[in-house]
Amino acid sequence: MGGRHKTPDDDTAAETADDTADEPTTYTAAVGSVDLPSDVSSNGGTGMFPDDLDLDDEDDDEPAEAAEPTRVRRRASGLLITGRVVMALVSAAALAAMSLVWLRVDALDASKNTTDAISAAQEESGPSATEDDDGANDILIVGNDSRTDMQGRPLSARLLRELRTEATETLNTDTLILLRIPKDGSRGSAISIPRDTSVLVPNLGREEKINGAYGITKAGVMEKLVGEGEKDRAKINRVSDDAGRASLIQAVQVLTGVRVDHYTEVSLYGFYLLTEVIDGVDVCLNHSTSDPDSGAEFSRGPQTVRGGDAVAFVRQRKNLPRGDLDRIVRQQTFLSSAMQKVLSGGLMTDNAKLNALEDAVSKTVVMDDGLHFLELVNQAQALASGNVQFVTIPVEAVGARNDRGQSIIVVDLPKVHGFVRGLLTPQAPQPAGMVAPAAFGQTVPSAAKAAQPPVPCVD
């Protein structure tokens, strides 16, 4: 699935370089600005020499009672200088470490694949009910079940077995989360959208399940390009993928009533690789469960999932009490736990893991050109700290049937629009039947941590 590699933003790099260049200069000036007593020579007062060593012949004529305060002043000046030198060295080391982190984040950003789907979606939409600036930065996070990497190369049979799936030409976007980050710095929201939600897909001119908007559009564009004689497989994949993404963005905008500002897409293979890099994700289940379709086979209680098991955990929806809604709870707990693991596991200081993460990003992540990887790092911190609440759009009916006999989730658009807008207010309303966010990402008092499970148990 095609894309192009983004080079780090030159302006951002220049600003970072300027900042790092200024800091050591500031510390050097601080050390050099110490006011030495007038009777201490330029060689004295460093604390490097014995107290009885005469460094100034003029001291021989001083009265005995005046000599002692002079020595005290020398020692105090020496300690002050030494302390400032140590502080400067520590600060320089911290600055160097921070610079390395910035360089690695820039390297991760450069390794991502990019898409023009955001600009294409807005151009095709034209004037609409979505506001240009509604007071939030809205990032659409998409998880797809593609059987290729982001360069369009098919996954091997071995990898497909690891992912508990098989080769297919279809493509569904089974994970849809709209990150709504208020620009005033208040608490954000991660809004989950059920995959079976029925919504108008503007470019198709009809209602479809929202997880099919991407794949249906992609298939139609591929067929059109082949019919026009296009033979470049990479171009066919790139153009059809971007058309599918733009179609999905428009459908999400219709559903939520807000403009999507940024786009991030991760494949099933990406889930697999992420859990391998961070040595698994901690989860907990209320009951033992299984699902042959997703390959899920889990026992009750806390456990660590990685690789194919992690993919099965976030994909399972059969044999769950509320089907797709419980699957959303799985995805929310998995994401919260994974972000806590990333930020607490020393990932940014482990060169081998960073190399593996960079490789995973290049194979499995697509982002719009205007979204820097650092923004996702910031949101990961917010997710892990509890500054982003997990919610799900209000629904009217689950398991209804459309005119083609498909199982769908019915929503009331005005109610969904009002709910999404309300998330920008301090007291956001929560509709009945919604996934409660209280269990996710809260800070637990240290005295109570031992009595609490590491992650909330879900169905």
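A residue is termed buried when its relative accessible area is under 20%, exposed when that area is over 50%, and partly exposed in between, as computed with a 1.4 Å probe on protein chains only. By this criterion C284 is buried, with a relative accessible area of 3%. The structure is a predicted model, in which local features need pLDDT of at least 70 and side-chain atom pairs count only at pLDDT 80 or more, whereas totals for chains, interfaces and linings use all residues. Residues are numbered from 1 along each chain as its sequence is written, and side-chain values use heavy atoms, with hydrogens and water left out.

The structure holds one disulfide, which joins C284 to C457 with an S to S distance of 1.9 Å. This pair links distant parts of the chain, with C284 in strand 9 and C457 in the segment after helix 13 (446-449), 173 residues apart. Helices (H or I, at least four residues) and strands (E, at least two) are DSSP runs numbered from the N terminus. The torsion about the S-S bond of C284 and C457 is about 55°, and the disulfide is therefore right-handed. In contrast to the buried C284, C457 counts as partly exposed at 33% relative accessibility.

Charged pairs were examined next. A salt bridge is taken as a side-chain nitrogen of Lys or Arg within 4 Å of a carboxyl oxygen of Asp or Glu. A search of the whole structure finds 22 salt bridges. One of them is formed by the side chains of D174 and R195, at 2.9 Å from N to O. Because D174 lies in strand 4 (residues 173-182) and R195 in the loop between strand 5 and strand 6, this pair ties together parts that are 21 residues apart in sequence. Both partners fall in the buried class, D174 with a relative accessible area of 12% and R195 with 9%.

A further salt bridge connects the side chains of D279 and K353, at 3.1 Å from N to O. D279 is located in the loop between helix 7 (268-277) and strand 9 (281-285), and K353 in helix 10 (residues 351-364), so the pair ties together parts that are 74 residues apart in sequence. D279 counts as partly exposed at 40% relative accessibility, and K353 is likewise partly exposed, at 22%.

The side chains of D403 and R404 also meet in a salt bridge, with an N to O distance of 3.5 Å. Here D403 counts as exposed, at 74% relative accessibility, while R404 is partly exposed at 44%. Salt bridges that share partners join D174, R195, D196, K209, R317, D324 and R327 into one network.

K209, a member of this network, is found in strand 7 (residues 206-209). With 18% relative accessibility, K209 counts as buried. The side chains of K209 and D196 are joined by a polar contact of 3.4 Å. A polar contact is a pair of N or O atoms within 3.5 Å; within protein, one must be able to donate a hydrogen and the other to accept it, and residues adjacent in sequence count only if both atoms are side-chain atoms. Not counting residues up to four places away in sequence, K209 touches R195, D196, T197, S198, S407 and I408. K209 and V199 are ten residues apart in sequence, and their C-alpha atoms are 6.4 Å apart in space.

T197, one of the residues touched by K209, is found in the loop between strand 5 (188-192) and strand 6 (198-201). T197 is buried, with a relative accessible area of 0%. The side chain of T197 reaches the backbone oxygen of P194 at 2.8 Å. When residues up to four places away in sequence are not counted, T197 touches E208, K209, I210, L255, I393, I409 and V411.

Another buried position is A136, with a relative accessible area of 3%. A136 is found in strand 3 (residues 136-144). With neighbours within four places in sequence left aside, A136 is in contact with R180, I181, P182, K183, D261 and L424. The C-alpha atoms of A136 and G188 are separated by 8.9 Å, although these residues are 52 residues apart along the chain.

Terms used: Contact means heavy atoms within 4.5 Å. A disulfide is a pair of cysteine sulfur atoms within 2.5 Å.
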